[in-house]
Amino acid sequence: MSTNTNTYSLSGRKKMVSNKKLSWSERIYLIAILKGMMITLRHLFKKKVTVSYPEKVRPFSPVYRGRHMLMRDDEGRERCTACGLCALSCPAEAITMKAAERKPNEIHLYREEKYAEIYEINMLRCIFCGLCEEACPKEAIYLTKSKQITRADVDRENFIYGKDKLVMPLEMALQNTKQNQA
Amino acid sequence: MKVTIDGHEIEVEPGTTILQAARMIGGESVPPAMCYYSKLEDTGGKCRACLVEVSKGSEADPRPMPKLMASCKTGVMDGMEVKSISSDRVLEARKAVTEFLLINHPLDCPVCDQAGECDLQNLSFQHGISQKRFKEDKRTFEPENIGDNIQLHMNRCILCYRCVKVAEQLTDDRVHGVCGRGDHAQISTYISNAIDNEFSGNMIDVCPVGALTDKTFRFKSRVWFNKPYNAHRNCTKCSGKVTLWMFGEEIQRVTARKDEFHEVEEFICNQCRFDHKEPTDWVIEGPRKFEKFSVINQNNYTRKLDKVVIKTEEHILEGREQDRIKISMKNIPYTEHESKE
């Protein structure tokens, strides 16, 4: 048994190491260095695998879940009604909101009778699982639409994203409407 | 009198209805009831959600009843055999009834304050279909103001008449009722009267849908974000036994205590319901328990959670002084969870 273990390899990759002295040509390492340089040179002419972020941004996958976006409908009104299902489904308890009643002169701003007066997502808590998107009955919150990454920051307070950062920009809503009509 | 419901035998008094006998047995064979209310007289027979199949009329006349019977209005007979959940005909009928009830219901559950404790929501979750076949416009009504405390959403009403019976049997003079007929039937006060009777708030509790909701709780919070507590106070007008719906240290809503069939145990007065919103007004008995699968149980704990104390340097776990600030929902005052030291 003990004699077998030296020659028998379970992985089939066992190599016997010899203690043989290097020859003179091997000892000056000239060929070895040239071989190494060849590999380096070959890589210089290959396509780069990196991009110079943030000047260049890679295309997002269509299902990439990034920063949340509170959508507007075709008429530019906010879709969110502060029903609280996103906050309920959130496993990280990152979402908080406060509802308010729509005034008669705000009909062009909000889609339903009730809207979210405050809507905050704590991006430090968020795990970008997308359950809020799945729970939303009004198709109001999406992680895939903004195509933005939550930027790094040094201040904790800046990670509480309020409605100013989350709601879809009005220009984008207008553009979408134009596209839909065309 | 002996009656068998879904194979369960029970001995009941003469004059009991099938629904009451089924509720004595409990469990899955209890038919859903949208309009029947055991605490109020002369309710039931309107929504048809409680239809059951009587497979044997009685010992004397064992023929089965040809049509499905409304269990809230049908009295039991000796030796009667009833099929509730075990009958395919009944389940089919419930599905149809749910579809009928939902024809004119706006399905604005994300906006509605009743969502989470709504009987119609439960019914359609259990027996409803996810598609609608009704293509015409739903009936809509102009919003109407019926007083400072109660919000009326006529669009959501299923015309169960429970609130009318409450006003008739609990209060001195009824100022509201169902006006109009057929498609135009609507709950309304007769010529823009305000409902201000001392016990009128119970209309909110008996309403199976979100047609009558609490104005002091309007859009304040969703039902499942509040923690329900049993509490009482000395009240000269009513028993004072209520459920408090708390968010942190704040009382957001006061309702009567409801039993397993979502019926009020004791009616409470408007003062208890609308005016006393300070925790010092109440003696809190303890957390209230709900059915295991109710959404109200979400994030609720039946015992009060103490703060875990770790013996270490003072404030070391809370971070530096300058970091100890409220960053989320800055405009909203502190609650229990994030209380200031």
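**View 1. A buried tyrosine in chain B.** Tyr161(B) counts as buried, with 21 C-beta neighbours inside 10 Å. Here, buried means that 20 or more other C-beta atoms lie within 10 Å of the residue's own, exposed means 12 or fewer, and partly exposed is in between, with C-beta atoms placed from the backbone. Please keep in mind that this is a predicted model, in which local features need pLDDT of at least 70, side-chain atom pairs count only at pLDDT 80 or more, and totals for chains, interfaces and linings use all residues. Residues are numbered from 1 along each chain as its sequence is written, while chains are lettered from A and ligands numbered from 1 in the order in which they are written. Look for Tyr161(B) in the loop between β6 (150-152) and α4 (162-170) of chain B. Helices (H or I, at least four residues) and strands (E, at least two) are DSSP runs, numbered from the N terminus. Although Tyr161(B) is not a glycine, its phi is positive, at about 70 degrees.

**View 2. Two backbone details in loops of chain A.** Tyr53(A) and Pro54(A) are joined by a cis peptide bond, with omega at about 5 degrees. You will find Pro54(A) in the loop between α3 (30-44) and β1 (69-70) of chain A. Further along, Glu139(A) has a positive phi near 50 degrees, and this residue is not a glycine. Glu139(A) belongs to the loop between α5 (131-135) and β4 (141-142) of chain A. Is Glu139(A) buried or exposed? Glu139(A) is exposed, as 11 other C-beta atoms lie within 10 Å.

**View 3. An open sheet of three strands in chain A.** The strands follow the order β2-β3-β5, with antiparallel pairing. At the edges stand β2 (95-101) and β5 (160-161) of chain A; each has a single partner strand, so one side of each is left without a neighbour in the sheet. Two strands count as paired if DSSP finds at least two bridges between them. Seven bridges link β2(A) with β3 (residues 114-122) of chain A. The antiparallel pairing of β3(A) and β5(A) has two bridges. On that side, Asn122(A) stands opposite Ile160(A) in β5(A).

**View 4. Four annotated cysteines in chain A.** An unreviewed UniProt entry gives the annotation "binding site" for Cys90(A), Cys126(A), Cys129(A) and Cys132(A). These four span 43 residues in sequence, yet no two of their C-alpha atoms are more than 10.5 Å apart, so they gather at one spot. UniProt positions are given in the numbering used here, feature names are shortened, and annotations may be inferred rather than shown by experiment. Cys126(A) sits in the loop between β3 and α5 of chain A, and Cys129(A) lies in the loop between β3 and α5 as well. Cys126(A) is buried, with 22 C-beta neighbours inside 10 Å, whereas Cys129(A) is partly exposed, with 14. Which residues does Cys126(A) contact, leaving aside its neighbours within four places in sequence? They are Ala92(A), Ala94(A) and Ile121(A). A contact means that the C-beta atoms of two residues, placed from the backbone, lie within 7 Å.

View 5. Chain B is divided into domain 1 (2-100), domain 2 (104-217) and domain 3 (224-319), with bounds from an automatic or database domain assignment. Between domain 1 and domain 2 of chain B, the C-alpha centres lie 26 Å apart. The contact joins 15 residues of domain 1 of chain B to 16 residues of domain 2 of chain B. The domain 1 side has seven nonpolar, two polar and six charged residues. Ala, Val, Leu, Ile, Met, Phe, Trp, Tyr, Cys and Pro count as nonpolar, Asp, Glu, Lys and Arg as charged, and the others, Gly among them, as polar.

**View 6. The contact between chain A and chain B.** Here 20 residues of chain A meet 13 residues of chain B. The chain B side divides into eight nonpolar, three polar and two charged residues.
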